[in-house]
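Subject: Structure for you to look through

Dear colleague,

Please find the structure below, with its sequence, so that you can follow it while you read. My notes on what was found come after it.

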Amino acid sequence: MLATKNVSLVKNRNFLIVAIALGVILNPLNTTMITVALPEIKNEFLLTSKDITWLIASYFIVSAIFLPLIGKLSDNYGRKKIFLFGLLLVGISSFTAPLSPNMPFLLGMRTIQAIGTSALYPAGIGIVRSYIQKNQNRVIGTLSVFATTSAAFGPTISGLLIQQGGWHVIFYVNFPIIIISAILAVLFIPNDVRSTNNTFKWDGIGIILFSLFITCWMYFFQTLASGLNVWALIGSLVLTFLFYFFEKKKAGPFIDVIFLKNNPNISLVYVQYILATVIFFALLLSMPIYLQSVIKLSSQLTGIIMLSISIFSIVTTPLATRWIDKSGYRKPLLTGGIIGVVGGVLLLTINHNSPLYWIFIVLSTIGLSNGILNIGLQTRLYSFVSVAETGTASGLFMTSRFIGNILASSVFGVIFAAGVNDTSQNWLTIILLIVSFILLPGILFITKKMHGDGSSAS
């Protein structure tokens, strides 16, 4: 394990935080910037909707696997080293991806990019916990918001840039962020100090089982468009149970399933966040393609319309935080859930004849709901765990986001397999409405009054 750090080694606290904040936004930005570019990539490489879904989902699968793994590696082998190595991988992939001659090469570069961006959040949180004492939880909470809500800006940024330079430019956007983050990290993050007592042990079988069951579930959802694949379902269930029972007996598990079993409130927060992510990301995937293919908007105008989700998601976050501090969790989270249901109903009114201002208003409603649910679920999670458990809890929280992304991309692939039109968009909306309704009883459970849980949600 890494030796205990001395906070006096920090030259400038603010520059250290900025270095990490710039690093952690790379993953969410790169998960969504590609959405507006999908029609152009699809045409250039002659891809099917299923191919496009794998281009998206592979990024999430790799991130879900490597995020907890690299978190453990950074704890043992040096957080600054892992952080800088992650930036290097993102730089390499961002340079080579635009040169892709075919789909497999682009898929490989996206995989390297996913590994690199997955290193930045856990390493960054570890650095904060090592060197930042004053308002540490507030800083961690801010970084968590950067690592989630910044995804909403991806379609807008790419939409504005693709109009000028094609889909290739979405990878070049990373370079200013990488360079500034790397310079600040080298200058203001203290060097790692290793202790001689290294107790890290690889859970190779756990990693393999986790990778297999995530991929198998993804394949099962992908094949639903052509009917129920019984063998894929059986294989997914078997691998899931094998993973659970193996990790349950493991002294140093890849995913601490006992921690989840013994903390049902925490586990339910993760489930709630998976569902909220499914709604949010399914729209981030589907709407850019729908706006370009059905309503015939340019990529630039599509990006501007998608800005509605970004603006309201970001603006709502600090307002929701103050509301939670004042009145507790129940009212804000329930309000966010109900607004999500209303937004889903309004989505059913959108068709190829809808005026752009109405689409902007409807998507703004979804952004408003997402902003409240995002910060509400994150802060509720930290109210359940001790400071010592923050690293484990936050790592699993981010993993649950990628599971939600995987489910969203799977639903997207199934619904739009036959084409992008008003009917397929409505079917997707109906599914998201059902998910919105499922969220509500879970919110009531995790916000119920408990001993020691004051109205201030302390």
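**What was found**

Arg401 lies over the face of Phe402, 4.7 Å from the ring centre, where a charge is taken to sit over a ring if NZ of Lys or CZ of Arg is within 6 Å of the ring centre and within 35 degrees of the ring normal. Please keep in mind that this is a predicted model, in which local features need pLDDT of at least 70 and side-chain atom pairs count only at pLDDT 80 or more, while totals for chains, interfaces and linings use all residues. Residues are numbered from 1 along each chain as its sequence is written, and side-chain values use heavy atoms, with hydrogens and water left out.

Phe412 and Phe416 make a tilted pair, with 5.1 Å from centre to centre and 40 degrees between the planes, and both Phe412 and Phe416 are buried. Phe45, Trp167 and Phe171 form one aromatic cluster.

Turning to the helices, which are DSSP runs of H or I with at least four residues, numbered from the N terminus, α3 has 29 residues and reaches 41 Å from its first C-alpha to its last, close to the 42 Å expected, the expected span being 1.5 Å times one less than the number of residues. At Phe66 in α3, shortly before the proline Pro68, there is a kink of about 30 degrees, where the bend is the angle between axes fitted to the seven residues ending at a residue and the seven starting there. How much of α3 is buried? Of its 29 residues, 22 are buried, so α3 is largely enclosed by the rest of the structure. Just after α3, Gly78 takes a positive phi of about 115 degrees.

A positive phi is also found at Leu46, about 55 degrees, although Leu46 is not a glycine; Leu46 belongs to the loop between α2 and α3, and it counts as exposed because its relative accessible area is 74%. Lys296, which is not a glycine, has a positive phi of about 65 degrees, and this residue lies in the loop between α13 and α14, where Lys296 is exposed at 65% relative accessibility.

Asn370, in helix α16, is buried, with a relative accessible area of 11%, and, leaving aside residues up to four places away in sequence, Asn370 touches Phe280 and Ser313, contact meaning heavy atoms within 4.5 Å. Trp427, in helix α18, is exposed, with a relative accessibility of 52%, and its C-alpha atom is separated by 9.0 Å from that of Leu348, 79 residues apart along the chain.

With kind regards

How values were computed. Helices (H or I, at least four residues) and strands (E, at least two) are DSSP runs, numbered from the N terminus. Buried means under 20% relative accessible area, exposed over 50%, partly exposed in between (1.4 Å probe, protein chains only). Rings of Phe, Tyr and Trp (its six-membered ring) pair if their centres lie within 6.5 Å; planes under 30 degrees apart count as stacked, over 60 as edge-to-face and the rest as tilted.
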